[in-house]
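Open the model in your viewer and follow the stops below.

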Amino acid sequence: MNIINDTYRSTIHPFALGEAVVSTIQDGAHIRDAINPPFALDKSDEEIAQIAASNNLPAHGFESGYTPTVIRIGGQTILFDTGFAPLGADEPAGHLKRRLAHAGYAPKDIDIVAFTHCHPDHILGVMDGNTPTYPNARYVIGRKEFDAWSSGEGIPEQRAGTRDIFLKLIPPLADRMTFLEDGDSVVSGLTAEAAFGHSPGHMMYRLESRGKSLLIWGDVTNHFVFSLQYPDSLVGFDDDKDLAIQTRNRVLDMVATDGLMVSGFHMPFPSIGYVERTDGHFRWTPATYQARM
Ligand SMILES: [Zn+2]
């Protein structure tokens with residue numbers, strides 16, 4: 001028996017937050033064989049090696065994890081982003097549907113799928129073959145995000161493939177879709193907030209219940225070190241790099257100042273943590289037992 005594989009790795013992290021039950025569920029992870037690209041496009045190999053070493057990380061690559069969040073509140077079950085299309089057990093990603101079942105949610109239990117944005121790792125899992133993965137779900141998405149990918153306006157050339165995926169998957173669901181503006185309510189206690197830049201109309205979602213809060217920030221950051229300690233650094237994944245940097249700094253500053261708990265799609269599993277300010281930089285602090293006290 002090989003225990004050093006994904007079979008025994010924790011992939012479901014449930015906790016209570018006020019009246020809500022929150023679970024982060026890892027769809028999977030890929031090992032990437034370089035840091036630049038996608039990260040630190042403006043840094044030399046020596047600088048990257050130094051940053052990696054000072055954080056006890058390898059310099060020759062990173063693990064890119066994908067962790068959607070599911071929240072049960074007020075009789076509604078809301079899934080935030082869908083991961084990759086459902087794939088076999090031996091694949092590195094595409095496990096969300098199976099793991100949702102382990103967490104106690106059948107596909108039919110999902111009432112709302114809330115998209116942060118339309119990059120493949122966030123939307124592919126909305127369909128299982130030719131049928132919607134979550135048969136009873138309605139969908140919510142930023143209006144600007146939907147319009148940008150629909151029209152192609154402001155979509156960089158290297159995202160042509162992403163736009164094809166969007167056009168195939170998302171517009172056919174439009175009759176069950178609600179289009180959100182900054183500040184719109186999704187259900188009582190859950191509000192959408194604009195965080196444009198990583199994609200044209202990227203949204204975050206803020207859960208508030210009995211004085212407790214959780215910010216689901218999607219891809220405001222894509223790496224717990226390279227995005228937080230160097231928020232001004234250029235990231236290949238960001239569609240509008242200047243706006244993404246501006247948004248990243250704004251959100252990191254807000255989260256650090258307010259002591260907000262965060263769910264970050266690409267933060268290390270369980271992908272729940274806080275942001276700490278340290279000499280002009282930010283630092284990701286993984287959550288431990290806060291929600292259990
Ligand atoms: Zn992503």
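Which residue in β2 is the bridge partner of H13? It is T24. This is a predicted model: local features need pLDDT of at least 70, side-chain atom pairs count only at pLDDT 80 or more, and totals for chains, interfaces and linings use all residues. Residues are numbered from 1 along each chain as its sequence is written.

Stop 1: Select β1 (residues 12-17). Strands here are DSSP E runs of at least two residues, and helices are H or I runs of at least four, numbered from the N terminus. β1 and β2 pair in the antiparallel sense over six bridges; pairing takes at least two DSSP bridges between two strands. Two residues separate them, and G18 in the turn has a positive phi of about 60°.

**Stop 2: strand β2.** Select residues 20-25. Five of the six are buried, so β2 is largely enclosed by the rest of the structure. Buried means 20 or more other C-beta atoms within 10 Å of a residue's own, with C-beta atoms placed from the backbone. β2 also pairs with β5 (residues 69-73), antiparallel, over four bridges. There, S23 stands opposite V70.

**Stop 3: the open sheet.** Seven strands run in the order β12-β13-β14-β15-β16-β17-β18, with mixed pairing. The edge strands are β12 (185-187) and β18 (281-286), each pairing on one side only. Now select β17 (residues 272-278). β17 and β18 pair in the antiparallel sense over six bridges, and T278 stands opposite H281.

**Stop 4: helix α4.** Select residues 143-151. Its buried residues are K144, E145, F146, A148 and W149. Just after α4, G152 takes a positive phi of about 85°.

How values were computed:
A residue is buried if 20 or more other C-beta atoms lie within 10 Å of its own, exposed if 12 or fewer, and partly exposed in between; C-beta atoms are placed from the backbone.
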